[in-house]
Amino acid sequence: MGIREDVFYEGGPHIGDLIFNILLGFTIICLPLTVGAITRALWLRYRITSRRLSVTGGWMGRERTDLIYNEISKIVTVPRGLGLWGDMVVTLKDGSRLELRSMPRFREVYEYMNERISPAAEAVSGTSSKS
């Protein structure tokens, strides 16, 4: 029998990101942003549990990254879409970073993850002052 995990969030990026970027795509200049949003909507999936953070993405959803909360040294959030969704950057103790783009309920997800990281990491985490 495996270790029990409680799932807090499981799903893809916020639908508002896709809608907003499709509307921007009509300007032709923002077409690369539209393609990125469509790719995220098709293949990016987040799973946040009581034990770990899992991100499945890449071309056709073939790449998966799993990390436990002990590996996190800092979490920074940036609100987007009038604050309806946001981006999160998770910095690991080895200095590498994992971006969580267009995260729905990003404030709730941040609070949930922040409760599970070390006190030292919690002290330096927060919302980016840049908008």
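Student: Which residues have the most contacts inside the largest nonpolar core?

Tutor: This is a predicted model. In its largest nonpolar core, which has 23 residues, those with the most contacts are I48, L53, I72, V90, L100, M103 and M113.

Student: Which elements give two or more residues to this core?

Tutor: They are β2 (45-49), β3 (52-57), β5 (72-80), β6 (85-92), β7 and α3. Helix α3 gives the most, with five residues. As general background, nonpolar side chains in soluble globular proteins tend to be buried together.

Student: Take L53, then. What is L53 in contact with, leaving aside its neighbours within four places in sequence?

Tutor: L53 is in contact with R47, I48, T65, D66, L67, V90, L98, L100 and M113. Among these, I48, V90, L100 and M113 are also listed with L53 as residues with the most contacts inside the core.

Student: Which residues does the UniProt domain annotation cover?

Tutor: According to the UniProt record, an unreviewed entry, the annotation "domain: YdbS-like PH" covers residues 44-112.

Student: How much helix and how much strand does the chain have over residues 44-112?

Tutor: Over that range the chain is 10% helix and 61% strand. The end C-alpha atoms of the range are 20 Å apart.

Student: Changing topic to aromatics: how many aromatic pairs are there?

Tutor: The count comes to two aromatic pairs. One of them is formed by F8 and Y112, and it is stacked, with 4.1 Å centre to centre and 10° between the planes.

Student: Which parts does the pair of F8 and Y112 tie together?

Tutor: F8 lies in strand β1 (residues 7-11) and Y112 lies in helix α3, so the pair ties together parts that are 104 residues apart in sequence.

Student: And is F8 buried or partly exposed?

Tutor: F8 is partly exposed, with a relative accessible area of 26%.

Student: Which charged end sits over the ring of F8?

Tutor: That of R105, at 5.2 Å from the ring centre. The ring of Y112 has a charged end over it as well, that of R116, 3.6 Å from the ring centre.

Student: Where is R105 found?

Tutor: R105 is in the loop between β7 and α3 (106-114). Its relative accessibility is 35%, and R105 therefore counts as partly exposed. The backbone of R105 also deserves a check: its phi is positive, about 50°, although R105 is not a glycine. In general, most residues other than glycine have a negative phi.

Student: What is phi of S102?

Tutor: Phi of S102 is near 55°, again a positive value in a residue other than glycine. S102 lies in strand β7 (residues 97-104) and is buried, with a relative accessible area of 0%.

Student: Next, R40. Is R40 buried or exposed?

Tutor: R40 is buried: the relative accessible area is 18%, and the cut-off for that class is under 20%. R40 lies in helix α2 (residues 31-43).

Student: With which side chain does the side chain of R40 make a polar contact?

Tutor: With the side chain of D17, at 2.9 Å. Leaving aside neighbours within four places in sequence, R40 is in contact with P13, D17, N21, R45, R101 and S102.

Student: Which residues are buried in helix α1?

Tutor: In α1 (residues 15-25), G16, D17, L18, N21 and G25 are buried. The buried residues of α1 pack against α2, β5, β6 and β7.

Student: Lastly, where is T127 found?

Tutor: T127 is in strand β8 (residues 126-127). T127 is exposed, with a relative accessible area of 55%. Apart from residues up to four places away in sequence, T127 touches V76, T77 and P79. The C-alpha atoms of T127 and N21 are separated by 23 Å, and these two residues are 106 residues apart along the chain.

Methods: Residues are numbered from 1 along each chain as its sequence is written. This is a predicted model: local features need pLDDT of at least 70, side-chain atom pairs count only at pLDDT 80 or more; totals for chains, interfaces and linings use all residues. Side-chain values use heavy atoms; hydrogens and water are left out. UniProt positions are given in the numbering used here, feature names are shortened, and annotations may be inferred rather than shown by experiment. Helices (H or I, at least four residues) and strands (E, at least two) are DSSP runs, numbered from the N terminus. Buried means under 20% relative accessible area, exposed over 50%, partly exposed in between (1.4 Å probe, protein chains only). Rings of Phe, Tyr and Trp (its six-membered ring) pair if their centres lie within 6.5 Å; planes under 30 degrees apart count as stacked, over 60 as edge-to-face and the rest as tilted. A charge sits over a ring if NZ of Lys or CZ of Arg is within 6 Å of the ring centre and within 35 degrees of the ring normal. A nonpolar core is a set of buried Ala, Val, Leu, Ile, Met, Phe, Trp, Tyr and Cys residues joined through side-chain atoms within 4.5 Å. Contact means heavy atoms within 4.5 Å. A polar contact is a pair of N or O atoms within 3.5 Å; within protein, one must be able to donate a hydrogen and the other to accept it, and residues adjacent in sequence count only if both atoms are side-chain atoms.
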